Each structure stands twice: as C-alpha cells, then as structure tokens.
Amino acid sequence: MTHQAPVPLRVRVLMAHAAVQHLADAHGLDVLHIKGEAIDPALATPDRRGTDADVLVRPSQAQALLAVLQRHQWSMQTTFRTGSPFEHAATLTHPQWGYADVHRLFPGITAPAEAAFDRLWAGSTRRELAGLPCAVPALSAQVLILVLNAARSGWGPHDLEAAWWHAPPEVVAEVQALVRDLGAEVAFAAATGDLERYRGRREYDLWRVTTQGGGRLEEWRARIKAAPDARSAVRLAVRSVAVNRDHLTIRLGREPTGREVVAEGFSRFSRAVREVLSSRRRVGHSS
Amino acid sequence: MTNARYVRPPGVAVVVTEVAGRPVTYLARLPDGPIMVLEDTSALIWGQAVDCEEGDVVAVVAAAAGAQVADIRDDVERFLADLVRNGLLLRQSPTPDS
C-alpha cells in the first residue's frame, strides 16, 4: 500500500513545521512559524524557498521546547550560543523532517525579547502547513522579519520587492509602527538602504559590517559596541576568541579532539592578529 | 458496502502535490513520522476518502478513475482498511455493511 520513498525537501520542511507545532500544542508552548514555507504567498520570493523550518519560540519557553524536541528524535546541531554570533537560534535535525532553526529572538530587534515576542504573538494568525494550523505572525510582522532577515543575509533590493517596496500603504504604516515598537530601526534601515541616518546609534557599526562586510575582528568589535550593557559586552569579548566547538564538529564531520580544539584556537588567534596588522597597514598607507 | 465517512486523523500531517505530473500524497503521523508516500491510484483513493462526506467511497473512486465499481470494490476496501490500520485514515460512524 504505502511505502517510503525519496521525499522532496519542501515536503520535509512543511512536515517539520507541523511536527514542531504538534509538540508545541501538546506541551503548551508558544511558537511562531517564520520565513520560508511559513510566509504569506503574497510576500514570497519564488527563488527563496526555505531549506529548513524556522520557528520563533517564546524566549522564556526556549529551553522547554528544545528539551521536548530532543525527546522526539531531534538532535542539536548548534546551540543558541554557538549557532551564530547573534546567539539567536539553535539548529536541530531530525531523521524524518530534516532541519529546524529554533529562534529565541530575531537579530535587529532590540526590544526585550519576551516583550518583543508578546508584540508579535498578539497579532498572530494560523496558517495550515502540512495540514496543521500553525501560528504565524501578522502580515506586517512577516514583512518586518523578511526585511531584517535580508539585512543579515546580504540580500539585494529585488529580494524585498514583494515584501516591502510594493507593500500597500496600510501595511507600510503597520510595519513602521512595529519597527518603532520593537526597536528595529537600525537593522531595518540597513536592509532598506537608509543606514546612514543612524550613524550615531550603537548598533550602526554592527549593521554596517553585517550588510557591507568586514573582517572577523571588525565584526566582533561592532558586536561588542552594540551590546546593550557592559555585562553582555564582556561576555561577547570573551567569546570572540573562544572556539566554536559545534561548528568545528560540523566542519570535521566528527567530534574534534582536544588537540584540534586548541589548534583551531591558535588559528583563530592568528587570523585576528593578521587582521589587526593588515588594518594597521591600511591606516599607515592612507595617512 | 463502504458507506462510512473517512477523515484525516488528528495528528496526521499531509502534503498533496504532483511529482512529474503524477499525484502524490505524503502522510506522516506526528510527531515522529515516518513519512509515507501514496502515489497515483493510492493517492487518489486517500484523497477521495477524505473528500467524500457521504456515500460510497468506492463509487466515488470508480467515477474519478473511470472504472466499474464491481471491478475495484475489493481492492479499494482492502486498501482503505490498510490505511485505517496504519493510522493514516480514521473511519467514522460506519453504516452496517449490507
């Protein structure tokens, strides 16, 4: 009757959304499905289909969701701390559903994470993914998330045509209100080509480096400068020279040995030193 | 007779699509799977079963497939029973067989 056969990636992604929602419902956890297959067709860019299921979890429930997922054959690939310099998402993989990114915040939003989630949750609706009603942000919030994602992913202006440049006036007004409420002005401006208006903001360098490129050292300097408080800044400064063990594991295809972790640490240190020297040389040439 | 009503069970995910012009239905019991694949006629039968609110599912499938009810009844009913047994279809309020 039925059989198991190669399953298209899009089908796996849709099923991953449904599987996460099913577990969230069963355990009373709030998740919003974002990006990729979850976005409204009116905003979708055909050549930007998702390769994983992205969800934004209520931050105070993030660890609970990860624990539930891991009880159902999901394996952690990267943790929040090691997933990206923004520490915003953990990546998990499942033998049936493939990859899922669990976000506990969205880069570019500076409002306190729980309050930001409340704001997004308040306007959420349901959209069927693989036949299951999944919670998705309101249309205006989807636009905001796509624009912020574009800033981080280095997308060009054409990627935002459907979502932002051609958005109807009422949606534009709602998005602008959300940008203000969520403190996302700088990242939003970075994606829409208006970053220079925010030259005086502490996040300015971070989004300049993110959208226009820069060395690792410059990136970490910008990240430390953008940190909301001294404690976060110190933690980031310490992390900037620590080895990301999860990424090293993925690159090697196995658990790294202690020697390899140490070697990677020296390699990162050398890279940072080279960047300092080359930036000094550039300064020397120009002066 | 097959005058039962069939529905997709709660907690079963479904994606109905086409692969190379052929109907394919992917089904999975949540939250763990696996993903099962129904192709061609089997996809047609599952789809007609959940769409058919009243009446004989076999007759609906026969009409859709351009076949005689008598020729396909045993196979379709056996397949529907398999789907129910595997948790991919739920039989509701069955009327007694005549």
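A salt bridge here is a side-chain nitrogen of Lys or Arg within 4 Å of a carboxyl oxygen of Asp or Glu. Keep that in mind for the opening pair. A:Asp118 and A:Arg58 form one, with their closest N and O atoms 2.7 Å apart. These two residues sit in distant parts of the chain. A:Asp118 is in helix α4 of chain A, residues 113–122. A:Arg58 is in the loop between β2 and α2. The separation is 60 residues.

One caution before going on. This is a predicted model.

Back to the pair. Is A:Arg58 buried or exposed? The cut-off for buried is under 20% relative accessible area. A:Arg58 has 11% relative accessibility, so it counts as buried. A:Asp118 has a relative accessible area of 38%, so it is partly exposed.

Now the other salt bridges. Over all chains, the structure holds 16 of them. Take A:Arg197 with A:Asp194. Their side chains meet at 3.3 Å, N to O. A:Arg197 is exposed, at 61% relative accessible area. A:Asp194 is partly exposed, at 31%.

The side chains of B:Asp82 and B:Arg85 meet in a salt bridge, 2.2 Å from N to O. Both residues lie in helix α3 of chain B, which covers residues 69–85. They are three residues apart, or about one turn of the helix. B:Arg85 is exposed, with a relative accessible area of 62%. There is also a network. Salt bridges with shared partners join A:Asp30, A:Arg58, A:Glu114 and A:Asp118. So our opening pair, A:Asp118 and A:Arg58, belongs to that network.

Next, chain A as a whole. Its secondary structure comes to 13 helices and seven strands. The chain has 287 residues, and 48% of them count as buried. Now look at contacts between residues at least 6 apart in sequence. In chain A, 60% of those join residues at least 24 apart.

Let me zoom in on one strand. β2 of chain A runs over residues 53–57. Why call this strand largely enclosed by the rest of the structure? Because five of its five residues are buried. Both faces are covered. On one side we have A:Ala53, A:Val55 and A:Val57. On the other we have A:Asp54 and A:Leu56.

What does β2(A) pair with? Start with strand β1 of chain A, residues 31–34. Four bridges join β1 to β2(A), and the two run antiparallel. In that pairing, A:Ile34 has A:Asp54 as its bridge partner. Then comes strand β5 of chain A, residues 98–103. β5 and β2(A) pair in the parallel sense, again over four bridges. There, A:Ala53 has A:Ala100 as its bridge partner.

On to the interface. How many residues of chain A are in contact with chain B? The count is 24, and they touch 24 residues of chain B. The area buried between the two chains is about 2,000 Å². Carbon and sulfur atoms give 69% of that area. What about polar links across the interface? The rule finds zero salt bridges between chain A and chain B. It does find five residue pairs in polar contact, both residues at pLDDT 80 or more. On the chain A side, helix α1, residues 9–26, gives the most, with eight residues. By class, that side has 14 nonpolar, nine polar and one charged residues.

First, A:Ala162. This alanine lies in helix α6 of chain A, residues 161–165. A:Ala162 has 32% relative accessibility, so it counts as partly exposed. Which residues does A:Ala162 touch, not counting those up to four places away in sequence? They are A:Ala42, A:Leu43, A:Ala44 and A:Ala167. Compare the position of A:Ser232. A:Ala162 and A:Ser232 are 70 residues apart in sequence. In space they are 36 Å apart, C-alpha to C-alpha.

Second, B:Gln48. Find this glutamine in helix α1 of chain B, residues 40–51. B:Gln48 has a relative accessible area of 19%. Buried means under 20%, so B:Gln48 is buried. Leave aside its neighbours within four places in sequence. B:Gln48 is then in contact with B:Val60, B:Val61 and B:Ala64.

Methods. Residues numbered from 1 in each chain as written. Chains lettered and ligands numbered in written order. Heavy atoms only, no water. Contact = heavy atoms within 4.5 Å. Buried area = accessible area lost by both parts, 1.4 Å probe. Polar contact = N/O pair within 3.5 Å; in protein donor to acceptor, adjacent residues only side chain to side chain. Nonpolar A, V, L, I, M, F, W, Y, C, P; charged D, E, K, R; others polar. Buried < 20%, exposed > 50% of the residue type's maximum accessible area, 1.4 Å probe, protein only. Pairing = 2+ DSSP bridges.
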